[in-house]
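Okay, everyone, thanks for coming. Let me put the structure up and walk you through a few spots in it.

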Amino acid sequence: MREALSPEVAQAEMEQLRIGTLETPCLIIDAARMDRNIARLRDRLAPMGAPLRPHLKTAKSVEVAMRAMPTPQGPATVSTLKEAEFFAAAGVRDLMYAVGITPCKLAKVIALRQNGVDLSVILDTVEQAEAVALASRTSGEVIPALIEIDCDGHRSGVPPQDIERLLSIGQAITQGGELRGVMTHAGGSYAARGGTALQQAAETERRSVVDAANTLRKADLPCPVVSVGSTPTAHYATDFSGITEVRAGVFVFFDLVMAGIGICEIDDIAMSVLATVIGHQREKGWILIDAGWMAMSQDRGTSKQEMDQGYGLVCDHSGTPFQDLILADANQEHGILKLRPGSTAALPELAIGDRVRILPNHACATGAQHSSYHVVHGKSDIVTDEWVRLSGW
């Protein structure tokens, strides 16, 4: 095992690293683009009085979290309790676990709260609410819960018009737990196209939780938090009246799906996978690389969009896209680069050993294939840092 290096020596070694010396495949983050993306959303929300509670499920990195959160203590959103433990160990104290809670996970929630973390949970059934209330009474640790609202039929939650169910859940929570408010995720916004449709999705999201909050308050049930969140709606909402916070996650890196929706430009995408050319099938118009679906994930989210990007869009080693070159097919560790169907572009001359960078369809899914980020800035090929990335549950 290699002996641990002092921080000074490690930094000196890192400063010598260049993209051409990295083992591939590996994950690259353009910190200049990332910082620009974070500033863009923060600057957009601030004048509208909508505080940001960034979702850390995309980044799963302390270094990225510290750039995205309003303060080093939070607030933030997580998608696993392992993430909650990871960020709590880094000093984050205000977290929402934004996946429906189950009774078997409440012991971890209680342990985190007893260690000084204000961790809230979400739920959408009376059964979950009763479990939270019981665990609160039994442990003496009051667990805050938000009721998930279904704003667009996307996945889970209580329809805001289902008043009886909404009130039953709220009342059950208060029998020992804390009813902290309501939250929703406009997952349906990923299918919206054009500014008008995205604005309508954002307004539907807002109105759904505000209506649900008003229903609870009229029944004398507390509802201090009214939380919305998706990257598309966060960038297109024109009104946050009645909203206390906005959650979004993929905005820190963006990806090809977000570009296809119209939320960002290709030049905004901060994540890429570095790969090496390992062969050619010239008669087929193929270039082979050492990054397959294990490096990129099998997410084909752009296949339903106007522009199908295959498994990813191919760039040169500096991050500049080649014309119409995509990762068209993938095996476990092999990727096949081809020109987009119908393209009149010339296949680039890439030699064995040349490096390329692949922009991902889905930053969350591609990130999950890797244990760390190699950090660059703009067109520079110097790797300035390596950030650990959490994985698993």
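Helix 7 (residues 163–173) and helix 8 have axes that come within 10 Å and cross at roughly 60 degrees. Axes here are lines fitted to C-alpha atoms over the stretch in contact, with angles running from 0 to 180 degrees between N-to-C directions; helices are DSSP runs of H or I, at least four residues, numbered from the N terminus. The crossing is right-handed, meaning the near helix is turned clockwise from the far one by less than a right angle. Ile 163, Leu 166 and Leu 167 of helix 7 touch Ala 212, Thr 215 and Leu 216 of helix 8, contact being heavy atoms within 4.5 Å.

Quick caveats: this is a predicted model, where local features need pLDDT of at least 70, side-chain atom pairs count only at pLDDT 80 or more, and totals for chains, interfaces and linings use all residues. Numbering starts from 1 along each chain as its sequence is written, and side-chain values use heavy atoms, leaving out hydrogens and water.

Now, Glu 205, also in helix 8 (residues 195–218). Beyond four places in sequence, Glu 205 contacts several residues, including Cys 151, His 185 and Thr 233.

And Cys 151? The whole structure has zero disulfides, meaning cysteine sulfur pairs within 2.5 Å. For Cys 151, the nearest cysteine sulfur, in Cys 223, is 15 Å away. Cys 151 is buried too, at 8%.

Key
Helix = DSSP H or I, 4+ residues; strand = E, 2+ residues; numbered from the N terminus. Buried < 20%, exposed > 50% of the residue type's maximum accessible area, 1.4 Å probe, protein only.
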